Amino acid sequence: MSKEESIERAKSLLPKADAVFFDVDSTVVTTEGIDLIGKCFGIMKEISELTHKAMNGNVKFQDAMAQRLQLIADHGMTKDSLEKCVKTEGKPKWSPGVQDVVKMLHKQGTDVYLVSGGFQNMLKPLALELHIPQKMIYANEILFDENGQYAGFDRNAPTSASGGKPAVLKMMQKKHKYKTMIMFGDGATDMDARTHGPASAFIGYGGVQVREKIKEGADWFITSFQEILDILPKGTDL
């Protein structure tokens, strides 16, 4: 299939999709959640470097996560200080147009999910503003003991391991009998939902960061959510 044909196919699937899954960091928002947590504890640069390593697929996903969280914990992360951090740094820096896209998808009756290798507590404020129910957020959970000290992360969450995004889509397909599922995202783990999972199309987003592999491999690669708004039926047509 030529690039043009694959773009046209993705465009034709979007208005009839019964579920759309968005990656969050560098897609729905312009930031990386774990980098923001790093910022709260004065180690944003170190965390950011480890995030890039993980993104480029040079480290096992769970190992990269454990390494970064341990580093943050060593610099003072507790249950309380993390909650404070979410209040200060958790204010969404939206990718332009994404809120309208979610609104339009909801309007056309599409289920919208957030699927992220990031953390539940950073995602909850976003989901609230996007009117996405908590049960449609799949992300990782940082664990604390009864004294509020860091105690690892939930390794049973599908998103805590490599292959987590295809796993979430498979679960949802089984549960809800979705026929057409579309994944949006900026990274390799998002594209996995199409190449190793049941997504009918993968729309790559390069509005924050353009990754060549994603540009090549996506069914349709966009750099602005306006491109999506242009093809979704307008409110008046619904």
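Is arginine 194 buried, partly exposed or exposed? With a relative accessible area of 29%, arginine 194 is partly exposed; here buried means under 20% relative accessible area, exposed over 50%, and partly exposed in between (1.4 Å probe, protein chains only).

Before the details, a word on the basis. This is a predicted model, where local features need pLDDT of at least 70, side-chain atom pairs count only at pLDDT 80 or more, and totals for chains, interfaces and linings use all residues. Residues are numbered from 1 along each chain as its sequence is written, and side-chain values use heavy atoms, with hydrogens and water left out.

1. Arginine 194 and its partner. The side chain of arginine 194 meets that of aspartate 219 in a salt bridge, at 2.8 Å from N to O. A salt bridge here is a side-chain nitrogen of Lys or Arg within 4 Å of a carboxyl oxygen of Asp or Glu. Arginine 194 sits in helix α9 and aspartate 219 in the loop between α10 (212–217) and β8 (220–222), so the pair ties together parts that are 25 residues apart in sequence. Aspartate 219 is buried, with a relative accessible area of 8%. Helices (H or I, at least four residues) and strands (E, at least two) are DSSP runs, numbered from the N terminus.

2. The structure holds 7 salt bridges. One of them joins aspartate 23 to lysine 165, with 3.1 Å from N to O. That pair links distant parts of the chain, 142 residues apart: aspartate 23 is in the loop between β1 (19–22) and α2 (33–40), and lysine 165 is in helix α8 (residues 164–176). Lysine 165 also forms a salt bridge with aspartate 190, where the closest N and O atoms are 2.6 Å apart. Aspartate 190 belongs to helix α9 (residues 188–195), 25 residues from lysine 165. Aspartate 23 and lysine 165 are both buried, and aspartate 190 is buried too. Through shared partners, the salt bridges join Asp23, Lys165 and Asp190 into one network.

3. Aromatic rings. The count comes to 6 aromatic pairs. Rings of Phe, Tyr and Trp (its six-membered ring) pair if their centres lie within 6.5 Å; planes under 30 degrees apart count as stacked, over 60 as edge-to-face and the rest as tilted. Phenylalanine 22 and phenylalanine 225 have ring centres 6.4 Å apart and planes at 55°, so this pair is tilted. Phenylalanine 22 lies in strand β1 and phenylalanine 225 in the loop between β8 and α11 (226–229), so the pair ties together parts 203 residues apart in sequence. Tyrosine 205 and phenylalanine 225 form a stacked pair, at 4.4 Å centre to centre and 20° between the planes. Tyrosine 205, in strand β7 (residues 201–205), is 20 residues from phenylalanine 225. Tyrosine 205 is buried at 3% relative accessible area, and phenylalanine 225 is buried at 0%. Phe22, Phe184, Tyr205 and Phe225 form one aromatic cluster.

4. A pocket to look at. The second largest pocket has a volume of about 260 Å³. Its lining includes Lys79, Glu83, Phe119, Lys124 and Phe144, and α5 (79–89), α7 (120–130) and β4 (142–144) each supply at least two lining residues. On a 1 Å grid over the protein atoms alone, a pocket is an open set of points where a 1.4 Å probe fits, with protein on both sides within 12 Å along at least five of seven lines; lining residues have an atom within 4 Å of a point.

How values were computed
Points joined across faces, edges and corners; volume = space filled by probe spheres on them.
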